[in-house]
2 protein chains.
Amino acid sequence: MIRDWVELNMTPGIGPRAAAKLLERFGSAEAVYKATRAELEQLRLPPEAVDTIIARDLLPRAEAEIFAVKKLGGEILLLDDGVYPSPLREIYDPPIVLYVKGDWSDCLDRPCIGVVGSRRCSTYGQNAAIMLARDLAQRGVTVVSGFARGIDAAAHRGALEAGGRTVAILGTGIDEVYPRDHKKLAAEILERGGALVSQFPLGTPPVSENFPYRNRIISGLSLGVVVVEAAENSGSLITARLAMEQNREVFAVPGNITSRNSFGTNYLIKGAGAKLVQQWQDIAAELPPQVAATLLPPSLAEQKLGERKKDVSMSDRLSLVPEGLSPAEHLVFKLLTPDTPAHVDWLFDKSELPISELTAALLSLEIRELVRALPGRCFVRKL
Amino acid sequence: MIRDWVELNMTPGIGPRAAAKLLERFGSAEAVYKATRAELEQLRLPPEAVDTIIARDLLPRAEAEIFAVKKLGGEILLLDDGVYPSPLREIYDPPIVLYVKGDWSDCLDRPCIGVVGSRRCSTYGQNAAIMLARDLAQRGVTVVSGFARGIDAAAHRGALEAGGRTVAILGTGIDEVYPRDHKKLAAEILERGGALVSQFPLGTPPVSENFPYRNRIISGLSLGVVVVEAAENSGSLITARLAMEQNREVFAVPGNITSRNSFGTNYLIKGAGAKLVQQWQDIAAELPPQVAATLLPPSLAEQKLGERKKDVSMSDRLSLVPEGLSPAEHLVFKLLTPDTPAHVDWLFDKSELPISELTAALLSLEIRELVRALPGRCFVRKL
């Protein structure tokens, strides 16, 4: 029964951790309400929560809530209803109930990328967020963000600018718009085929404790999360780390080391294994091959699909030397093959070029995406 | 004989590649001049070069050069003279002769770090170069750079500001100052215990073909090279790649993705394995442990020396919980040990914290350098 889930989800003292414990023990919200006090007490829940569950104090509110959500034009998704977004269901302690509004199903069927960052951000950060969100949305990616001021809002707006889809994960109820001056943004997201999502009951006000839970949904729904700007103690750093815990790709946009707003993103790249993003392709290239193939231009996508497509016109491609190469680049390119890594010593001998010219040629070929540097100072042609 | 080396080094057509071939075949410059025409011709040198060597056309010029260098207050180092800088001797095709001026020996006895970048740079880049050079020089590092406008000049100036040592590698003869308006900078470098170094004969003008050779010396003399700013086709990218070929550490300072000047450095971090630098400690931490120990504050240096120092007061350090931790951080810190990696699942169970709080606590401990994240979502205490 929907109302049991909604009721459990609105019970004070039952956070995602406690909810996970209850579901692990009893299997469903329905079963939780059939449990005895003794059974509940074994789980070391807060005593008030046990009282509330046993007394079913919140049942009337839950029933009213279901009605109110319908009236708002929203829907309620349950962890075990079969339509609950599967990437989110697979995280540690997924929300047991999701309140959604708008075209959530179509949005979440597409590849989703979280784009997040500080509320207090620089113009640079805002522009970077708009650019990346626009470029991703243009190619059919759903941009997921947290509806906050600053980077989040820029990400939503960038996606809308491109005529793309965007999903706002709220830290409040879906009937609350916070911050207030984002009312128009919320309306636009819904009009343009986007969606609002929250795990919190209607009327939940913006309280800071709720924002980490919102962030967990952003990364949980996404294949990867891009942090655009984040100061040293930014919540976005926690989002990034949560995304890593969820085995999501984490990306960060670098910035000047003199900018406080870029401290966190530079740190993520330096110390936490986040991938540096200069442009949307850097994000696409790290996604699963099938997804990358739909986003990247054919040549890059084929590289990404790699083995599978190798048979297609390989001999053709091998015989072609790209145009506009310098004599040294031409010479080096001809020495390379796509199959056998060539060590730089061997290239040095064969090319008879001074090491600095050889290196310049290799670098130039690499930047033009014609060759790939492998570990151990070896090089191969790209296909 | 010094004059044989100097003569060979000034022979047109004998670049470092050909010189390396000659030395490999004959063992020394002296022996090259005892070789027969037939022996020289076997090496497929340019015919004019063979003529010049056989006729010893340049001997008078070489003899005059030795005298002139002395008069300038400079010295000439030879590849096999026993004082030639050993890290440089170990690169692929080291210069066979180095012209030096100033306190080169003392400079090169210290840990050397190359700090390089674009000639056309931004104010941000200049400031970053000054800051890093100053911070390194203050701690006894010799800052090596290429004496060009822009980042190079800022690096030299930063080192001087700190009262430290700096070595300028010239693409001209050591008697030429290029660019002209760097005359005062050159004088200051020499006055403050720094040095000028070049592989080119006196009077060599600034020709662009020579600059890659200069760059090879910068990285050859250094433990690592920091690229501060570099545009897409910057020579600094080639310096970085050469440094990698020479097995030197390569560092890059990130910058806004909207800045052309940071394209190259961001690219190095993203695609070429350069380490991101936010501050001088990021450079020091990657140097050999003995060097890092002399630069870093004791606590960090001890981490770096690791095993060797573990016996020192370990039990003391284990029992101490750092001050100023939040309750969640305290709880997580107490669960961690320095010896056994704790998986995040285990921490999740033991701490009973919601995953987002646990993650926030771990991140905060990590940023405070109290814990270290290991691959596979495990954590240990740092010592």
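Reply: Happy to. Let's start with a term: buried area is the accessible area, taken with a 1.4 Å probe, that two parts lose on being put together, summed over both. A:R17, A:I257 and A:Q278 supply 15% of the area that chain A buries against chain B, more than any other three residues. This is a predicted model, in which local features need pLDDT of at least 70 and side-chain atom pairs count only at pLDDT 80 or more, while totals for chains, interfaces and linings use all residues. Residues are numbered from 1 along each chain as its sequence is written, and side-chain values use heavy atoms, with hydrogens and water left out.

In terms of contact (heavy atoms within 4.5 Å), 53 residues of chain A meet 53 residues of chain B.

Now the charged pairs. A salt bridge here is a side-chain nitrogen of Lys or Arg within 4 Å of a carboxyl oxygen of Asp or Glu, and 11 of them are counted between chain A and chain B. One joins the side chains of A:R17 and B:D349, at 3.8 Å from N to O. In another, the closest N and O atoms of B:E245 and A:R377 are 3.5 Å apart. That pair crosses between chains, from helix α13 (residues 235-245) of chain B to the loop between β11 (371-374) and β12 (378-381) of chain A; helices (H or I, at least four residues) and strands (E, at least two) are DSSP runs, numbered from the N terminus. B:E245 is buried, at 4% relative accessible area, whereas A:R377 is partly exposed, at 23% (buried is under 20%, exposed over 50%, partly exposed in between, with a 1.4 Å probe and protein chains only).

Methods:
Chains are lettered from A and ligands numbered from 1 in the order in which they are written.
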